[in-house]
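Have the structure open beside you as you read.

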Amino acid sequence: AGPVESKNEAAMSELVPEPRQKPVVPMKPMGINASLLGYIGIDTIIEQMRKKTMKTGFDFNIMVVGQSGLGKSTLVNTLFKSQVSRKSSGWNREEKIPKTVEIKAIGHVIEEGGVKMKLTVIDTPGFGDQINNENCWEPIEKYINEQYEKFLKEEVNIARKKRIPDTRVHCCLYFISPTGHSLRPLDLEFMKHLSKVVNIIPVIAKADTMTLEEKTEFKQRVRKELEVNGIEFYPQKEFDEDLEDKTENDKIRQESMPFAVVGSDKEYQVNGKRVLGRKTPWGIIEVENLTHCEFALLRDFVIRTHLQDLKEVTHNIHYETYRAKRLNDNGGLPPMTAETEENHESNL
C-alpha cells in the first residue's frame, strides 16, 4: 500500500499548481528618512523665497460693488487702515451718476514691516441705482474679462516681460443692503453671473442698523437663498485642497458668511484706548470688537489667512478658464489687433 499511496501523492502534486509567490514590494530607499550627519542648509529655501518676494513686492486688486451709500469706500479704508478709496482720491461727488456703471481703479503702494504691496481698489459707483437696472452687471463683467485679456496678450507675446503687470481682480466684495428681509433679484443675478469669473465675498453693510437677532436671522436667510439659487461664493467647496482646508473653510461658509460689518475711519477714546468706531447717541460701536460686528473676521479672512489663496484661485481657476476658452475659440492665439501686430513686427 505504501508505494501505491506515494505514487498517487506524486501524481496529485504534479496536477496541483504550486501557490504563486506574492510579488516582492520594493523597500523604501533608506536615504528618505535618513538623519543628516551635519547641517546642509535646506531650511534656508524659505528665507531665500521670502527675500526674493520682498524685493519684488506683491499685487492685490480688490473690487467693491454695491448700491451708493452702503459704506464701500469707508470699509476699504478701514480694511487697510489708510486712505485708499475713490472717496479719498479726489472723486467729484457732484458728478452725475453715469448711465452705465463707471468703473474707476485707484492704485496705491502700502508698506508694513518692510513688505510692499501694490494695492488697487476698483470701485463701481452707482451700481443698481438706476430706475432700470437691467444687465447693469455687464460693464463689471466686461472690466474683469478685459483684465484677463490684457494678461493673456502679455503672456503670448514673443518677447514677454519678466514680470507681467497683474491687473486681474483677485477679490470682489459684494455689499448687501441690511434690509433684514431677503436678497434683491439684482443681487442674485449679479452674483450668479459673476461668481463664475471672480472670487465673490458677500458682505452685509452697515450691520449696526440691525439687532443681534435680526442679524443672525438675515445671515441664515442670505446663505439659504445663495444655496437655493446655486450661487457659489469664495471659498468654493471644490477648491479645498485637503482636510485641514475643508474644515477651516466649512466653518467660514456655515458660520461667518456673509460677514456683517461696520466700517469707520474715525478714532475715538474708549477706556483709555484709541479705537476705530462709530459714535451713536447710546455709545460707540467699535469696528474691531467682535461682540459689535464681524469686521475683524473679514479682515483676517481677506488679508491674514486667504490673500495668497485668493490670488492663486484667480490665476489657476478663473484666469485659466478664460484663457482656455479664448485660445480654443481663436485656434490657439488671441486675435491680432493693430497694437499687437505692431508689437509683433517690432519683436521680429
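## Cysteines

Let's start with the sulfurs: there are 0 disulfides in this structure, a disulfide being a pair of cysteine sulfur atoms within 2.5 Å. As a reminder, a disulfide is a covalent bond between the sulfur atoms of two cysteines. Take C172: the closest cysteine sulfur to its own belongs to C171 and sits 7.1 Å away, which is too far for a bond.

C172 is also buried, at a relative accessible area of 0%. C293 is another buried cysteine, at 1%. Buried here stands for under 20% relative accessible area, exposed for over 50%, and partly exposed for anything in between, using a 1.4 Å probe and protein chains only.

## What you are looking at

This is a predicted model, so local features need a pLDDT of at least 70 and side-chain atom pairs count only at pLDDT 80 or more, while totals for chains, interfaces and linings use all residues. Residues are numbered from 1 along each chain as its sequence is written, and side-chain values use heavy atoms, with hydrogens and water left out.

## The six-stranded sheet

In what order do the strands of the open sheet of 6 strands run? Read across, the order is β2-β3-β1-β4-β5-β6, and the pairing is mixed. The edges belong to β2 (104-112) and β6 (259-260); each has a single partner strand, so one side of each has no neighbour in the sheet. Strands (E, at least two residues) and helices (H or I, at least four) are DSSP runs numbered from the N terminus, and two strands pair if DSSP finds at least two bridges between them.

Now look at β1 (residues 58-65). Of its 8 residues, 7 are buried, so the strand is largely enclosed by the rest of the structure. β1 pairs in the parallel sense with β3 (residues 115-124) over 8 bridges, and F60 has L119 in β3 as its bridge partner. β1 also pairs with β4 (residues 171-176), again in the parallel sense, over 4 bridges.

Moving along, β4 and β5 (residues 200-204) make a parallel pair with 5 bridges. L173 stands opposite I201 of β5. In a regular strand, side chains alternate between the two faces of the sheet.

## The three-stranded sheet

There is also an open sheet of 3 strands, ordered β7-β8-β9 with antiparallel pairing. Its edge strands, β7 (267-270) and β9 (283-286), each pair on one side only. From one strand to the next, the twist averages 70°, where axes are lines fitted to C-alpha atoms (for helices, over the stretch in contact) and angles run from 0 to 180 degrees between N-to-C directions.

β8 (residues 273-280) and β9 are joined in the antiparallel sense by 4 bridges. In that pair, G277 faces E286 of β9.

Is K219 buried or exposed? K219, part of helix α6 (residues 212-228), is buried, with a relative accessible area of 5%. Its side chain makes a polar contact with the side chain of E294 at 2.7 Å. A polar contact is a pair of N or O atoms within 3.5 Å; within protein, one must be able to donate a hydrogen and the other to accept it, and residues adjacent in sequence count only if both atoms are side-chain atoms. Leaving aside neighbours within four places in sequence, K219 is in contact (heavy atoms within 4.5 Å) with residues including I204, S256, P258 and E294.

S256 sits in helix α7 (residues 243-256) and is buried as well, at 14%. Not counting residues up to four places away in sequence, S256 touches K219, K251, E294 and L297. S256 and E294 are 38 residues apart along the chain, and their C-alpha atoms are separated by 8.2 Å.

Most residues other than glycine have a negative phi, and most peptide bonds are trans. Here, the peptide bond from Y234 to P235 is cis, with omega near 0°; P235 is in the loop between α6 and α7. Another cis bond joins M257 and P258, with omega about -15°, and P258 lies in the loop between α7 and β6.

Two non-glycine residues have a positive phi: K206 at about 45° and N271 at about 50°. K206 belongs to the loop between β5 and α6 and is partly exposed at 33% relative accessibility. N271 is in the loop between β7 and β8 and counts as exposed at 79%.
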